[in-house]
Amino acid sequence: MKRTTRMAIGFVLKLFLLSCGLPLLMTSPAGAQQGCAEGEIRVNIGKFNDSKESVRNAAFEAVVKCDSKAIKVLNIIIIVQAHHPYIRSRATYALGKVGLGSTEAIKALIAVIQKYKYNDPVVLSNAIYALGEIGAGSTEAINSLTTFAKDKTIEPATRGNAISVIEKIGSGSANATKNLITILEDKKQVNDIRSRAAYALGQIGLGSEEALDALNKLIKDNDTDLSIRNSAISALSKIGLGTQKTTNYLVKIIDDQDIDYSIRYNAAIAVGNSESEEFWVQEKSQRVVITLKSAIKEKKSDSWIISDAADSLVEI
């Protein structure tokens, strides 16, 4: 009897102790949140420069798992405290993994671009890339990248990367379209930057009347480099594919004998690829045929132009 009583008391005691500990278990951090205290995040960021790759990778994954909890610490490390370029670089890259849709992270990356645009090309490239990962639709990100892309003191390749990110995050954005037009129309920009802006317009400016008008004006400007104008032809045909306004623009370009043959040739090809049945019925492809034939006869024509023109005539 006494033994049975002792066993019962022991069972009740264990149950009591378990019930006392239950709230502690319920309020303890979930596995995914472990290691995400500010101090722990700092420790892991410090390991970004470890001599062992496995340690570096594990530390990076640990920080990324903390998601938005890591944004503030990463920003402080990058802007204020990180003296080692590899830590800055990896921390900047991490912001692009934890800050999706975060205004705080976008602002942090914009600050990184401003701080390191002249003295740390790796961090700069990572910041531009990271904005492309988390900045979709952000007016602040698009405007900042546009300002950066216009900065002639920065080498063109990096500015071209910024335009690529505007293209990526600016789909359907009237603001992005307008910003790209300002780059396109800036005659002081190098040819590669203006061509890149034209290409980007072709990717995001679908249906934009403002973009169509700007591209058409540029194509007709004989003082503008041919590479830019041919990029503009391609963008024009993509933005207004099959529309009457675009077809009219292209036909006028084809008819203008003062415009370089390569521009008129590409305009003819663009019309040939369009879905405007009205053009084909009314014009019976005569203008396209004439332009393609002139491209074949043109002594300055490159061999690839002659070949493509001949192939297009066969298809017509």
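Which residues form one aromatic cluster with Y93?

Tutor: Keep in mind that this is a predicted model. The cluster has these members: F48, F60, Y93 and Y129.

Start with the pairs. The structure has 3 aromatic pairs. One of them joins F60 and Y93. Now place the two residues on the chain. F60 belongs to helix 3 and Y93 to helix 5, so this pair ties together parts 33 residues apart in sequence.

Is F60 buried or exposed? Its relative accessibility is 7%, so F60 counts as buried. The cut-off for buried is under 20%. Y93 has a relative accessible area of 26%, so Y93 is partly exposed.

Y93 also pairs with Y129. Here the rings are stacked. The centres are 5.5 Å apart, with 5° between the planes. Planes under 30 degrees apart count as stacked, so 5° qualifies. By position, Y93 sits in helix 5 and Y129 in helix 7, so the pair connects parts 36 residues apart in sequence. Y129 has a relative accessible area of 34%, so Y129 is partly exposed as well. Follow the two pairs in turn. You go from helix 3 to helix 5, then from helix 5 to helix 7.

R90 lies over the face of the F60 ring, 4.5 Å from the ring centre. Elsewhere, K115 places its charged end over the ring of Y116. That distance is 5.6 Å to the centre.

What joins C66 to C36? A disulfide does, with an S to S distance of 2.0 Å. C36 lies in the loop between helix 1 (2-27) and helix 2 (38-46), and C66 in the loop between helix 3 (53-65) and helix 4 (71-81), so the link holds together parts 30 residues apart in sequence. The angle about the S-S bond is -95°, and the link is left-handed. Both cysteines, C36 and C66, are buried. A search of the whole structure turns up 1 disulfide. Such a link is a covalent bond between the sulfur atoms of two cysteines.

Next, follow helix 5 again, this time for its charges. R88 makes a salt bridge with D120, and their closest N and O atoms are 2.6 Å apart. R88 is in helix 5 (residues 85-98), while D120 is in the loop between helix 6 (103-116) and helix 7 (121-134). The two are 32 residues apart, and the pair links distant parts of the chain. R88 and D120 are both buried. Side chains of opposite charge can pair when their charged atoms come close.

The loop between helix 6 and helix 7 has another charged residue to check. K117 forms a salt bridge with D151, with the closest N and O atoms 3.6 Å apart. K117 is in that loop, and D151 is in the loop between helix 8 (139-150) and helix 9 (156-169). This pair also links distant parts of the chain, 34 residues apart. Again, both D151 and K117 are buried.

Step on to helix 9. R196 pairs with E167 in a salt bridge, the closest N and O atoms being 3.0 Å apart. R196 is in helix 11 (residues 191-204) and E167 in helix 9, 29 residues apart. E167 has 18% relative accessibility, so E167 counts as buried.

Further along, salt bridges link E209, D213 and K245 in a network. The whole structure holds 9 salt bridges.

Finally, step back to the whole protein. How many helices and strands does the protein have? There are 18 helices and 0 strands. Of the 316 residues, 44% are buried. Take contacts between residues at least 6 apart in sequence: 65% of them join residues at least 24 apart.

Technical notes:
Residues numbered from 1 in each chain as written. Predicted model: local features only at pLDDT ≥ 70, side-chain atom pairs only at ≥ 80, totals over all residues. Heavy atoms only, no water. Disulfide = S-S within 2.5 Å. Helix = DSSP H or I, 4+ residues; strand = E, 2+ residues; numbered from the N terminus. Buried < 20%, exposed > 50% of the residue type's maximum accessible area, 1.4 Å probe, protein only. Salt bridge = Lys/Arg side-chain N within 4 Å of Asp/Glu carboxyl O. Phe/Tyr/Trp six-rings, centres within 6.5 Å; stacked < 30°, edge-to-face > 60°. Lys NZ or Arg CZ within 6 Å of the ring centre and 35° of its normal. Contact = heavy atoms within 4.5 Å.
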